[in-house]
Amino acid sequence: REISASPTSFRLTEKFVLLLVFSAFITLCFGAIFFLPDSSKLLSGVFFHSSAVETNTRTGTDSDSNVAVGTDEKILTKIRKDHEKALVEAKDTLQKRPDEIKQDIQDEKDKVLKEGKGGKDYNNLPVIEYVRPPGATGHEPSDPETKERRTKIKEMMTFAWDSYKRYAWGSNELRPVSKQGHSSNLFGSIKGATIVDALDTLYIMEMFEDFDMATEWVEKNLDFNVNAEVSVFEVNIRFVGGLLSAYYLSGKEVFRRKAIELGEKLLPAFKTPTGIPWALLNLKSGIGRNWPWASGGSSILAEYGTLHLEFMQLSKLSGNPAFAEKVMNIRKVLNRLDKPQGLYPNYLNPNSGQWGQHHVSVGGLGDSFYEYLLKAWLMSDKTDEEGKKLYYEALQAIETSLIRKSSSGLMYIAEWKGGLLEHKMGHLTCFAGGMIALGADGAPEDKTGHQMEQASEIARTCHESYARTSEYSKLVQK
């Protein structure tokens, strides 16, 4: 008996075959998209050479057509090799454990991120033998009064720190009245100034849980890749100084890495004719300038003179001598200049290398320059003889020309403008009592006792300024 296929069953078979063909075609297309390398170049190459063949056919140039065909064969050979290489890499990847694949992906992300941030790898710094400073923690004073004071100071720190954590965590500072975070323009868009500046205090006060929290924030959130203008001086003393202190106390590498990274971003500030740095610097563009109010575009003594300690340590920790060279050049410029009555004016033009307005102050605009001369000598284990000489000569000039006594017997440090004294001492000058006491041990010609007496009298004047202001306020309120 003859059996004929029904039309319906034939159509189903035909549909099934067509579906298989269509599926194979889709698979081939997706394979071409995802596995063939340089597909955009391939397409452009094929288009170019097909156009070349067409052009050669029109012009009848058989030799050129043969060259184009040979080139096409080379392209196909390259495609075959690249395809085989891609398959081998895919097989190797599939043989790895999931955690290894995740690590490879993370490494690629880190590589791209690093290249986007300038390509510098701060994880491969020179090996430094870390030595923990003795006596930083783990000691209790035996004197009951000292112990009580110590406890009170820690209590005050804890109160301030807890309030910052609660109301302004991650901001540069806390506004205590409004209880809101605030970020000053001095730091551009860098955040966390209070966190970094407090690291050493947290460690010394043995507030280790808070120190670890701050360390984690630094590692995860402290970012210097900003397109913003910053104060070189403020960023140096708060961030670079804070990071260096934290490193030397704890030995944690994250602080060394971050300090060196930021230090390198500050180096363009020194690109002036004299090497005296600009006050303000855009961290992305490297363009610097000075404060518009500063005596004809001058740099300020307390700003360019308050980089030495940090930059010397950056050279030591990074192996890069550029940091130390920059700040040692500042001394060379100052040594070449004539100092009026041995004093250092607050303004110096970074282009001409000449003093600006002849205004001398041990307070604002001048203060920490003198402090850093003394501490440069002390931090060098008293080997920086130049720093020592500059400090004691400056202190002698201050004593001769600026230190005076009021009619009531209070010692103060006046200001000097163009040869005339201004008989006033600002609040910022009050640090001088501590500075003079710190340097008294190394004073020349047996002046230790004399300088300790000066330090005591200046500190007393500052105390009286607060005490009398308080009394005056009470009288006004009555």
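Tutor: In this predicted model, the largest pocket holds about 900 Å³ of space. Residues are numbered from 1 along each chain as its sequence is written, local features need pLDDT of at least 70 and side-chain atom pairs pLDDT 80 or more, while totals for chains, interfaces and linings use all residues. Side-chain values use heavy atoms, with hydrogens and water left out.

Student: What makes this a pocket and not a cavity?

Tutor: On a 1 Å grid over the protein atoms alone, a pocket is an open set of points with protein on both sides within 12 Å along at least five of seven lines, whereas in a cavity a 1.4 Å probe fits but cannot get out. The volume is the space filled by probe spheres set on the points, which are joined across faces, edges and corners.

Student: Which residues lie nearest the centre of the largest pocket?

Tutor: Ile237, Glu310, Glu371, Tyr372 and Lys375, out of 35 lining residues (lining means an atom within 4 Å of a point). Helix H8 (232-250) gives the most to this lining, with ten residues.

Student: How many residues of each class line the largest pocket?

Tutor: There are 18 nonpolar, eight polar and nine charged residues. Ala, Val, Leu, Ile, Met, Phe, Trp, Tyr, Cys and Pro count as nonpolar, Asp, Glu, Lys and Arg as charged, and the others, Gly among them, as polar.

Student: How many cavities of 30 Å³ or more does the structure hold?

Tutor: Two. The largest cavity has a volume of about 150 Å³, and Gly305, His308, Arg331, Phe369 and Leu373 are the nearest to its centre among 13 lining residues. Helix H12 (322-336) supplies the largest share of that lining, five residues. By class, the lining has nine nonpolar, three polar and one charged residues. The second largest cavity, of about 40 Å³, has Phe233, Trp278 and Tyr304 among its lining residues, and its lining divides into eight nonpolar, one polar and one charged.

Student: Why are H7 and H9 called oblique to each other?

Tutor: The axes of helix H7 (residues 208-221) and helix H9 (residues 253-266) come within 10 Å and cross at roughly 45°. Angles under 35 degrees count as roughly parallel, over 145 as roughly antiparallel, 65 to 115 as roughly perpendicular and the rest as oblique. H7 and H9 are therefore oblique.

Student: Which residues make the contact of H7 with H9?

Tutor: Phe211, Thr215, Val218 and Glu219 of H7 meet Val254, Phe255, Arg257 and Lys258 of H9 (contact means heavy atoms within 4.5 Å). Four of these residues are nonpolar, one is polar and three are charged.

Conventions: Axes fitted to C-alpha atoms, helices over the stretch in contact; angles between N-to-C directions. Helix = DSSP H or I, 4+ residues; strand = E, 2+ residues; numbered from the N terminus.
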